[in-house]
Amino acid sequence: MKFYTSMQFFLALLSIPFLSQAAEINTSFEFNNTSGSFTLTDESASAVFSGGEAKSVGNFSLYHTGLSAWMVSPGATGNIDFNPPAEQITVFFRTENGNNNSILELLDSDGQILISFPGSSSNWAEVIANTASLGKPVARVILRNESSQGYAVLDDLITVTSQAPTGQRLENPIPALIQKGTNRLRLKQITDGLTAPNWAVAAPGDSQHLYVSDQNGKLWRIDLSNGDKTILLDLSDRLVPLGAFGVSTFDERGFLGFAFHPQYAENGLLYTYTSEPADEASDFSTIPENSAPNHRSVIREWRLSFADSIQDQATVAEERVLLTVDQPQFNHNAGGLNFGPDGMLYIAFGDGGGADDRDGQEFAGSPMIGHGMAGNAQNNANPLGSLLRIDPMGNNAANGKYGIPADNPFTGSETELNEIYAYGFRNPFRFSFDTVTGLLVLADVGQNDIEEVNLIQAGGNYGWSTKEGSFRFDSNGNDAGFVTSEPASGNLIDPVVQYDHNEGTAIIGGFIYRGESISTLQQSYVFGDVARRGNGDGRIFYTRGAEILELDLTLRDTPGFWVLGFGQDATGELYVLGNATGIPFETTGAVYKLVSNAAFSAGTLNIPAIDLIQAGGNDAYRARLQAVQGSQPLRFELIQAEKLAESFRGDNATFDQETGILNIPFVNISNADNSVSTYSAKLELIPGLPLLTFELKQVVLVK
């Protein structure tokens with residue numbers, strides 16, 4: 001007969017609540033020896049065991065009942081992850097003879113220890129706990145065997161999970177439709193012949209070019225004055241073969257992000273995010289033993305050398321890997337890289353891919369791994385589902401290749417990754433810093449219902465997969481997850497704006513507009529969606545934080561391509577990137593500039609860009625003309641002109657100095673009902689007057 005003591009961690013006066021609809025996992029490990037990771041399920045609940053073995057060792061005292069138990073070897077740690085977290089748990093715990101150096105810990109879904117117990121080799125300890133006594137349900141059990149000899153053992157585990165009805169499934173979470181705004185702009189093609197462009201910025205010290213990452217591995221350098229493109233750096237030979245389901249199929253891997261060091265003009269430092277084969281151990285991994293990652297994400301530093309600062313092709317003087325992260329599945333890689341105004345490098349990682357951010361269910365023909373049952377986005381022990389903040393010039397990280405800033409929110413924690421700046425993200429594909437206020441704006445791609453824009457706070461938890469957008473998320477077992485009417489509990493931060501899948505399929509983050517040519521767009525966050533219905537029908541949105549509006553395009557109703565990214569040049573003007581296929585193959589990719597039409601209001605004609613055609617060469621100007629009161633035909637006097645950079649040539653109007661003809665192909669006029677009408681106008685210079693004066697010769701309605 002075996003004897004045991006009882007560690008009944010619950011107050012006798014607190015009764016265990018009756019769970020009217022419950023799932024129970026009850027095992028005495030009466031099955032064949034099992035090593036590595038395995039999953040036990042009951043209805044909609046599951047428990048994933050990893051780091052230990054369910055086995056028979058021939059030592060009768062190591063089984064509470066039966067002839068096998070779950071054992072953790074000396075010096076090892078075993079985990080049991082519950083999904084959903086257990087409302088009640090009972091388990092028997094002991095250590096092998098001579099081993100009293102083991103600890104049993106019960107953790108909540110945030111990774112916080114609720115209670116821990118020491119091991120004993122003299123007898124079995126019965127651990128009984130419940131939500132009423134602990135304050136929270138148990139999401140994970142950790143068994144740490146810190147002895148140099150003898151097993152730590154768990155047996156006869158019983159967990160009960162409440163399956164009380166959740167909130168009602170929301171078929172149309174956000175009924176209001178996104179409306180067209182009064183910002184009527186145009187898309188001017190800058191260059192084409194790319195594959196799948198996804199990010200574009202200027203390099204410090206170089207205002208003449210736009211640098212564009214292409215998913216197939218090329219970093220393009222675009223001359224903004226003429227659209228000529230050259231390859232600055234080619235990383236294609238580093239990438240995992242693209243095409244998640246075969247050649248010419250969809251993929252989220254590739255060359256996903258880059259950032260120039262703030263002192264790039266002096267030091268030549270460039271940072272890249274690439275998806276590469278997992279052919280060696282990574283700095284961070286959630287992959288169970290005896291399983292393999294799909295690929296790994298690699299953050300590299302490149303020191304480029306130029307004969308001059310605007311040389312077409314860079315020479316790599318030095319390269320080094322800063323950090324590497326194993327990725328369980330091919331999708332949800334995020335990939336954004338940006339230096340903040342604090343000089344630190346911020347890196348966005350998705351939750352590891354698949355769906356629902358949890359192990360066990362089928363994805364792309366195989367059961368998901370690498371997430372645990374609580375998910376990566378809510379597990380601060382690894383970088384997946386988080387925004388990291390590092391100092392690439394430092395060396396106090398675990399691998400010695402970068403620094404962890406002392407003011408990071410989790411610096412000094414022994415249980416949370418010190419590199420994490422914010423967490424709870426599904427696929428934060430793009431984020432950016434406002435060049436004026438320093439605000440960090442992040443767009444997180446949703447699952448089946450909600451796309452969201454977040455303002456990021458240090459240490460903030462943005463909720464995935466407890467919630468999608470501001471809505472409570474139900475993972476729905478092995479079927480497609482959905483959002484519900486049930487409130488999402490916890491200290492979780494909601495997005496500033498969001499939209500549902502009636503409007504699109506995947507949000508593409510952009511920038512807060514700080515350029516000078518589109519005055520009506522000032523301070524607006526411009527972003528988009530890859531495709532409303534998955535047919536290359538991308539969309540472009542803007543918001544100031546209260547509502548989302550769609551840009552009204554002059555010559556088309558929609559962009560007419562898959563929107564894959566946004567860009568910002570040195571003057572703050574914005575660009576839209578996309579292709580005709582939505583996949584990282586072929587050469588249908590192009591870069592477009594958001595261009596303002598001229599506008600006539602309150603007697604003033606504002607022309608954002610005029611190409612001055614003259615014998616000595618062409619220049620671009622911004623101009624403002626005032627209508628001459630009472631003139632018939634209508635005349636305009638020039639009251640202000642400002643010379644612009646060459647990158648503004650071809651954006652709107654032309655003035656031929658020889659003929660005196662001013663052609664303005666697009667002039668927006670606001671109507672009394674706040675709608676916008678667009679006209680083309682032809683004006684002619686009247687010679688001999690003290691002010692440059694033009695007479696209106698022709699007006700034609702365009703839209």
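Threonine 195 counts as buried, because its relative accessibility is 6%; buried means under 20% relative accessible area, exposed over 50% and partly exposed in between, with a 1.4 Å probe and protein chains only. Its place is the loop between strand E15 (179-194) and strand E16 (197-203), where helices (H or I, at least four residues) and strands (E, at least two) are DSSP runs numbered from the N terminus. This is a predicted model, in which local features need pLDDT of at least 70 and side-chain atom pairs count only at pLDDT 80 or more, while totals for chains, interfaces and linings use all residues. Residues are numbered from 1 along each chain as its sequence is written, and side-chain values use heavy atoms, with hydrogens and water left out.

**The chain overall**

- The protein chain has two helices and 51 strands.
- Of its 703 residues, 56% count as buried.
- Its C-alpha trace spans about 115 × 55 × 45 Å along the principal axes.
- Among contacts (heavy atoms within 4.5 Å) with a separation of 6 or more, 62% are between residues 24 or more positions apart.

- Tyrosine 575 is in strand E42 (residues 574-579) and counts as buried because its relative accessibility is 1%.
- Not counting residues up to four places away in sequence, tyrosine 575 touches several residues, including Ile190, Leu210, Leu224 and Val591.
- Tyrosine 575 and leucine 233 are 342 residues apart in sequence and 21 Å apart in space, C-alpha to C-alpha.
- Leucine 337 lies in strand E24 (residues 337-339) and counts as buried, at 1% relative accessibility.
- Leucine 337 and alanine 259 are 78 residues apart in sequence but 5.6 Å apart in space, C-alpha to C-alpha; alanine 259 is also one of the residues in contact with leucine 337, among them Trp199, Phe258 and Phe431.

**Aromatic rings**

- A search of the whole structure finds 23 aromatic pairs; rings of Phe, Tyr and Trp (its six-membered ring) pair if their centres lie within 6.5 Å, and planes under 30 degrees apart count as stacked, over 60 as edge-to-face and the rest as tilted.
- Tryptophan 464 and phenylalanine 473 form a tilted pair, 4.8 Å centre to centre with 50° between the planes, and both residues are buried.
- Tyr211, Phe255, Phe258, Phe260 and Tyr264 are linked into a cluster by ring pairs.
- Arginine 430 lies over the face of phenylalanine 429, at 4.0 Å from the ring centre; a charge sits over a ring if NZ of Lys or CZ of Arg is within 6 Å of the ring centre and within 35 degrees of the ring normal.
- Lysine 593 lies over the face of phenylalanine 648, at 4.2 Å from the ring centre.

**Backbone features**

- Most residues other than glycine have a negative phi, and most peptide bonds are trans.
- A cis peptide bond, with omega about 5°, joins tryptophan 464 and serine 465, and serine 465 lies in the loop between strand E32 (450-455) and strand E33 (467-468).
- The bond from glutamine 632 to proline 633 is also cis, with omega near -5°.
- Aspartate 156 has a positive phi near 50°; aspartate 156 is in strand E14 (residues 152-162) and is buried at 12% relative accessibility.
- Alanine 602 also has a positive phi, about 50°, but alanine 602 is exposed, with a relative accessible area of 76%.
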